[in-house]
Amino acid sequence: MERDIVIIGGGPGGYVAAIKAAQLGNKVTLVESDRIGGTCLNWGCIPTKALYKNAEIIKTLKNIDQFGISIEGFKIDMEKIHKRKDDVVGKLVNGIEQVLSSYDIETIDGIGSLKDRNRVLVRLNNGEEREISTKNIIIATGSKPSVPPIKGVDLDGVHTSDYFINSREIPKRLAIVGGGVIGLEFANIYNELGSTVTILGSEIIKNVDKDISKRMASYLKRNKIKLALKTRAKEIRKEDGELIVVGDKKGKEITTKADSVLLAVGRKPVLEGLNLDNVGVEYDKYGIKVDDHFRTNIDNIYAIGDVIGGVMLAHVASHEGIIAVEKIMGIEKDIDHDIVPACIFVSPEIAQVGLTEEKAKEKGIDYKKSKFMIGANGKALAMGETQGMVKVLSKGEDNTIIGVHIMGPHASSLIHEGALAVYNKLNVKDIEHTIHAHPTLSESFFEGVLGLEDRAIHMAKPKK
């Protein structure tokens, strides 16, 4: 029986597209070689956030005296930590499988490839093959960790994030190659677990507003995470049973000794085995090429998520899946792929949406900026989490908000008011006339916005 839509890949792009397609009345088949949920649920977003929670608790225990509580000590049980993490992942995966089943979405365990524009060939996990006829195809095969082309990456003890997400070991010394989101999150986790962590990279989270990245770099150092910045790893070698990462810093060789090395230099699209060339789907090393509605050069074949490169975030893939399905169904929407909230789960959290100050300058925008320190927020003080700030950018006579950047507790939740403001082109008065509850962390955003017009209540009067 011919299907309306076959989706190759069951991650947050693929399974969301499948559910949306079924809601719109399509007969849908979802092909996934591993577990439903893809990298995000099984190897990335969810398990790392479960481990991040452990790191948060350990940090609280280390500083518990400030709350008037004394404890004799605590032990870290990695087996129990990972069991909890696996239970969290399992509950989410099972829940999604039940939702898919409720919509009568056919799920197939296997590796899908394009036979032609209307047929998908699936090599089932049991070794058999199945051919599926379909009107439309959505490719959502995601991404995998990149491995830098340097000598020694195949040495024992050198791994990508896929290994560390399930590792029961706490290395005494951990070297992380890469200062991006993945590297930073694992640095935070293993630092709290007790590892001595060194990050080697060009800079810390380069796409984040510089005021935020500088503060985070200082905070990392205060928390005894070593930073070897403006450094390019060029070799890993093993001597006397220990790993040595050799880096180049402005022509000077530096070395970092470690017991384990995490390669965290980004991710790359999974294109292998899709048979794109034979069908004529255009792609390059950055991913499959698509238009604004995620249609490839073959008009009934779409691609979404990490496999098209660009912003590799789970929520972006999910949004793209919905847009692609709606396009198939003839639903046209105005979309803006640039306004995407992004979060980094370290302590304190980082989140941003819209333009950074550097991008605003690059675009020649006449902008204003305001900063509100989290330490001046009553709820943050009560929580004992006072590090960070809210930075807001605006433009125009009415101060339309164009960028929001937060470093502080629960930044990943707070950012969505900023996302609504940027997406809907709200200005200072729009936010000012919205009452914010007290005492809440959200007041920090409120104060940051008012600071654009020098009307913040809990900021000192600006000097002229």
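Mentor: Gladly, and let us start with a pair of side chains. R237 and E235 form a salt bridge, with 3.9 Å between the closest N and O atoms. Keep in mind that this is a predicted model.

Trainee: What makes the pair R237 and E235 a salt bridge?

Mentor: The term asks for a side-chain nitrogen of Lys or Arg within 4 Å of a carboxyl oxygen of Asp or Glu. R237 and E235 have their closest N and O atoms 3.9 Å apart, so the pair meets the cut-off of 4 Å.

Trainee: And why is R237 called partly exposed?

Mentor: Partly exposed lies between buried, under 20% relative accessible area, and exposed, over 50%. R237 has 25% relative accessibility, so the term partly exposed applies. E235, with a relative accessible area of 21%, is partly exposed as well.

Trainee: What about D86 and K85, which also meet in a salt bridge? Why does K85 count as buried?

Mentor: The N to O distance for D86 and K85 is 3.4 Å, and the limit is 4 Å. K85 is at 2% relative accessibility and therefore counts as buried, the cut-off being under 20%. D86, at 34%, counts as partly exposed.

Trainee: How do you know that the salt bridge of E242 with R173 links distant parts of the chain?

Mentor: First the bridge: the closest N and O atoms of E242 and R173 are 3.1 Å apart. E242 belongs to strand 12 and R173 to strand 8, and 69 residues separate them. R173 has a relative accessible area of 24%, so this residue is partly exposed.

Trainee: How many salt bridges are found in the whole structure?

Mentor: The search finds 34. Some residues are linked in a network of salt bridges, among them D209, E357 and K391.

Trainee: What is the order of the strands in the open sheet, and is the pairing parallel or antiparallel?

Mentor: The order is 11-12-13, with antiparallel pairing.

Trainee: Why do strand 11 and strand 13 stand at the edges?

Mentor: Strand 11 (232–239) and strand 13 (252–258) each have a single partner strand, so one side of each has no neighbour in the sheet. From one strand to the next, the twist averages 25°. Strand 12 (242–249) pairs with strand 13 over 7 bridges, and I244 has K257 as its bridge partner there.

Trainee: Why is helix 1 called largely enclosed?

Mentor: Helix 1 (14–23) has 10 residues, and 8 of them are buried, so the rest of the structure largely encloses this helix. The buried residues include Y15, V16 and I19. Their cover includes strand 1 (3–8), helix 4 (78–102) and helix 9 (314–328).

Trainee: And G37, is it buried or exposed?

Mentor: G37 has a relative accessible area of 0%, so it is buried, the cut-off being under 20%. G37 sits in the loop between strand 2 and helix 2. Leaving aside neighbours within four places in sequence, its contacts include G10, P12 and Y15.

Trainee: To finish, what makes the protein chain as compact as a globular protein of its length?

Mentor: The protein chain holds 14 helices and 23 strands. Its radius of gyration is 24 Å, close to the 23 Å that the globule rule gives for 464 residues, so the chain is as compact as a globular protein of that length. Buried residues make up 50% of the 464.

Technical notes
Residues are numbered from 1 along each chain as its sequence is written. This is a predicted model: local features need pLDDT of at least 70, side-chain atom pairs count only at pLDDT 80 or more; totals for chains, interfaces and linings use all residues. Side-chain values use heavy atoms; hydrogens and water are left out. Two strands pair if DSSP finds at least two bridges between them. Helices (H or I, at least four residues) and strands (E, at least two) are DSSP runs, numbered from the N terminus. Axes are lines fitted to C-alpha atoms, for helices over the stretch in contact, and angles run from 0 to 180 degrees between N-to-C directions. Buried means under 20% relative accessible area, exposed over 50%, partly exposed in between (1.4 Å probe, protein chains only). Contact means heavy atoms within 4.5 Å. The radius of gyration is taken over C-alpha atoms; the globule rule is 2.2 Å times the number of residues to the power 0.38.
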